[in-house]
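I opened the model to look up a few strands, a sheet and a pair of domains. My notes follow the order in which I checked them.

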Amino acid sequence: MPSGALLFQSVILGLLLGGLYALLAAGLTLYFGIMRVVMIAHSAFLILAAYLAWWSHTELGIDPLLSMVVTVPLFFGCGVLLQRLLLARLRAVTLTMMSVLLTFAIAVVVEGLLGYVFSGTQRRIQLGYGSASLELFGARIAVVKLIAFGLAGVALLALYLVMKKTTFGWALRATIQHRDAARLVGIDTDRVAGFGFGLGLATAAIGGTALSLDTTIYPSLHWHWIGPLMAIIVVGGLGSVPGAAAAAMVLGLAQSLLQIELGTTWAQTVFYLALFVTLAVRPQGFFGGRLAQRF
Amino acid sequence: MHSLETVELTKAFGGNLVLDKTSVSFQHGKVNALIGPNGSGKTTFFNCVTGLIRPDSGRVSYAGADITRRTPHAIARAGLGRTFQLCRVFPRMTVLDNVLAATRPRGANLLRGARGRAETDRARGWLTKLGIEHLAGIEARNLSWGQQKLLELAGVLMSEPETVLLDEPAGGVNPALLDRIGGLVRDLNAEGRTFVIVEHNMDLVMSISDHIVVFDRGRPIAEGPPSMIRTDERVLGAYLGV
Amino acid sequence: MTIRKTRTAWATAVGATLALALGACGGDEPEQASTDEPIVVGISLPLTGDFSEPGKGVQRGYEAWAKITNDKGGLLGRQIELKILDDQSNADRVVADYEQLIGSDQVDIVVGPFSTRLVVPAARVAQEYGMLFVEPAGAAKEVFEQGFKNLFYAAPAVANDHYNHLAEYLLALPAGQKPTTVAYAAMDDPFAQGTAYGLKEKLEAAGIKTVIDEVYPPNTTDFSGIAAKIATSKADMLVGGSQYQDGVNLIVALQQLNYQPKLAAFSTAPTSPEFAAAIGNKTEGILSPTGYTQQAPYPSNKEFVEKYTAQFGSPPEEDEANAYTTGQVVAAAVTAAGCAEQGECQQKLIDWVRANEVETVVGPLSWDETGKPKGAHMIQQWVGGEIQIVLPADAKETDLVYPKPAW
Amino acid sequence: MPSASRAQPARIAGGVAVLAFAAVALAFPSIAPNPYILSVGIVVLNYAVLSTSWNFVGGFTGYISLGHGALAGLGAYSTGLLVTKGGLPSFVALGVGALLVAAIAVPIGYAALRVRGASFVIVSIALVLITLLVFQSWASFTGGSRGLNVPRPFPGLLRPEHHRVFFYLFLALLALALLVWWLIDRSRFGLGLKAIREDEDKAEALGTPTFAYKLVVFVVSAFFTGLAGGLYALWFGDLDPIFQFSILTGSYMVLMALLGGVRNLFGPLVGALVVGSALEYFKVEFGNSPLHLVATGVLLALVVLFMPDGVLPALGALLRRFSPTTDSSIREVTAAELAAERATIGGEQHAQPRNG
């Protein structure tokens, strides 16, 4: 039986991890909502952002957080182009399958380019405050993890506000709910879809920067992220951002707690178990999500 | 006597109620028509009956058996064949294969050649009956709209359903073809097949159907023989919105 | 010229496979190596992937050996030419690579890749082509349980013996000071895990309690879970069976949790030049076994350190030294056997190495019938911001600091 | 479907090509200049078997799996473990192992195929990641990251001989897979599967038990993939989870199949010959570099975007456009038919019974 201290420590770690998962899953959900596309390349861009943060820190000596000034708008642009130039070309009949293949291909390309430019060597940002930590009721919280969590939280909040409070957000939600209807009320759904993708990819930029603060990165790392993320959006009920966030928190916590008994790798299997169970028992997901049936 | 009937069938999409406790029964061995203004829930009704959509509540029974929760293919095998509103064929398969795909092999037969003599003859038979036998070797996507309609019909008939549900068979076809379909329905009905037809073309409906059910806002508002329906002002109301 | 050979070979292969050019094949018999030709030494190394850091080190070691030997006129009057392929730290590639080097490129000698995981499959290929296989990195005991007849490990000791001196030291401590609880965390890699478990056996035998025993796969990056367990266990001593990055990550994660053991020992990582910077210079007191030190008194070592430093601008580390040692062993065998090409010559080389002792930069080496070297590793410790030999007593540069200061 | 409307000369040409390939394949071990080239030949054959096995699902049902790499890995490991831990004779283990993979495929298929569309792909990817995790973590049983060493079935043989034997074994397996694919292709079962690929709802409405069909063909595919993986294990001897359960293996299968054309019996084979040879060639010429990934990705994207039916079919169509004899003339034909059609209708009008 693990000690209370260890349990508490794990809960903290779990929540910190869940926050990041939630942000990234939100991005994936956005894509799916807009185009019924499962964006395999999401986590590849995540790692790309992490590398850019690492690079700007080691080569230019600026704090990784500042790299977002460039990466966020850059990724937004990439997202728009990605949707308008590539995904929009696919035939509606085979969209689901082919879009997965296409985004998969993109992910592989990104991974390859990263490997080519930065080599397969594992990289890690060496920050002055890298090993600093705060004390909280006997548990230790690493400053970098806290910053990462903060980033994720802020980004999620911003995303929420954009969706709920802005006209663009309104148009986006309309497009997600019923594309044709949205078109009828005069929304340029193509443009909205493009921007929606940009928004999703921008979250990847933020997530990647957060990630780079405290993890070792290497080109093929994105596979270790896309798996859990896909599980999260399915469990959360496809297309439902709150669902994804909830699932992210629950599964993140579960993973961190299971680590105590099972160790790091076995703990990760919880995501895939959840995925299989969900599909076998309740394909529409456990946290609502109207679109799931059509998936 | 009744073969296909529904009891309090209800289906809602999001907020709006498309089928509202719909109880209808169709006459066995007759040509039944299902009419009503756009959005009155005719197609949804078809989809619920054939299992493509799960109704929220209510029952569907066919020949005495409850088929409400069965899978579409089980319902089809129970004897209910259907066509689709925007007609659906297998675009990248030849006309002949389109029809052959409607056979239902079981067990060892599954591994027998798809173009067995018996089947092929039957398939060609239907193609001939519908006048598109000469297109047998062509991929369906290369057919004209009307030809595709006929092909879809041939496919359904190949599966030998007791009851055929046609969703707007006259949709977007030229008058000549229209008459031909009408005649075909009559012939097949004479051979003992039951028909349920959703159709907007009143001439066709009035000319071929024995029994008409009128839908409005997801529930039947009138039913009876054409002669009666013609003069029913509720129907006129529904259509003209008076 | 090997390139051209593979090209034609390829024309054949692709042609044949694609059923295009049936006629293009034949006429590819390997030319006999005549004495004015260089001795081509084939190597497959992990220049990308999990093991790319040490892999590059090994590569520098081999390059240094080739250069130094060639400057002195080569072997048997023939220059040495290295043919290095990248196996991406991947067992499948490593086999394909040696298959290509031996079968297609017709190299005269093959030497080992890096990391035990890759050594075993590679050695099997070499064995089945009857080639001598001296290797700088297959340190785990599994390697010597495969019944290889052609394999020799060019380093003082196998992984499980790396900590022998430390074990002796700890067990000699008075009861009061002796650590009572130990936490082990090892990469699931024959070498890394071998070092940690070698020490584990000895300490457990002496009744020192194991409180944590974690094994993680090579691609693990998130160590917060493992660290949390170790930290909360408050073990007196920590032993890490690490390669490089995993060791760094684990240490940082532990420092984040402010875990302060009396003793912390990690394999490989602490000896790497980037180590100190990587963990923010909080290195004080960290222990590490090493098979090599630049200060080692052996004659060939002075030359090695000088010329290596001249060539690469920084003194050699352990990986480089092991590769260089491998080269020295091969050179000795070739000179003694008077031949270096595929065929019966290889057996001569094997027999010679089996029967003789070789003077190397890590001291005189000789091998038992399984190819296992007979020796032990030194223990180094970070003291006053630099890593120094602390054990064994006769080789030490400074005294072992125990318990270690906080990091 | 080419088989339906292919002109006679094309068919003959095809037959000749097949025979030519068979001849070259059988002769390859004796014309291969050195053992390395022979081993490359085996690797390429292995790809061919894998992508053909993949095409049981991809080609017939149109469901795209990126996870067949995992099935191959499972085949390899189950074979290896049955030999080392179970003490079975190598080739018995191979068969049993493949059956095990097929059995594992049932629950996977159940979860993945019930819901339509991308969830299948998601599960297939997840399959690779989860198997990698399990086979790395469960070190006590699988050997973990240290890998598993599978004893050679023919210990006596020298390496070149060993290659020769396995080359023919892989060739035989390829022939078997192709035969079964062909049998299904011409069967009523196959017709049902293609109906699913074309329009799943429609097929269902016509009375085809689509879920059962998909599940069965998925299991068959898994079986052959398992066989290929197992045979590879027996040939190669050293299994490492990182490679056995690599997402890349799956994507190579997809690329090869799509490239060659998923609707053709020999499409995946041709794709494998092209891609497989290219992969090894570039490795020899330019060494390993991450650019392989880039090339794979770009190629895949291009195929998906511009020639989802495969490059070779696309080229074929291009060629046919220039030769009048073959079925490129479908359109003109239909045009003619349409005219005839209208005529007949016009003619029949009077014959129509007018009731109402």
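**Entry 1: a strand in chain B.** I began with strand 3 of chain B, residues 31-35, which is mostly covered, five of its five residues being buried. Strands here are DSSP runs of E of at least two residues, helices are runs of H or I of at least four, and both are numbered from the N terminus.

The model is a predicted one, in which local features need pLDDT of at least 70, side-chain atom pairs count only at pLDDT 80 or more, and totals for chains, interfaces and linings use all residues. Residues are numbered from 1 along each chain as its sequence is written, while chains are lettered from A and ligands numbered from 1 in the order in which they are written.

Which way do the residues of strand 3 of chain B point? I found B:Val31, B:Ala33 and B:Ile35 pointing one way and B:Asn32 and B:Leu34 the other way, all of them buried. In a regular strand, side chains alternate between the two faces of the sheet.

**Entry 2: its neighbours.** I counted strands as paired if DSSP finds at least two bridges between them. Strand 3 of chain B pairs in the parallel sense with strand 8 (residues 194-198) of chain B over four bridges, and B:Val31 has B:Phe195 as its bridge partner there. Strand 9 (residues 211-216) of chain B also runs parallel to strand 3 of chain B and is joined to it by four bridges; in strand 9, B:Ile212 is the bridge partner of B:Ala33.

**Entry 3: domains of chain C.** I then read the domain assignment, automatic or from a database, which gives chain C domain 1 (31-157 + 297-365) and domain 2 (161-290 + 378-395). How many residues of each are in contact? I noted 15 residues of domain 1 of chain C against 14 of domain 2 of chain C, where contact means C-beta atoms, placed from the backbone, within 7 Å. On the domain 1 side, helix 2 (52-71) and helix 4 (116-128) of chain C each supply at least two residues.

**Entry 4: a sheet in chain C.** I traced an open sheet of seven strands in chain C, in the order 7-6-8-9-10-13-14 and with mixed pairing. Its edge strands, strand 7 (209-216) and strand 14 (386-391) of chain C, each pair on one side only.

Technical notes
Buried ≥ 20, exposed ≤ 12 C-beta atoms within 10 Å, placed from the backbone. Contact = placed C-beta atoms within 7 Å.
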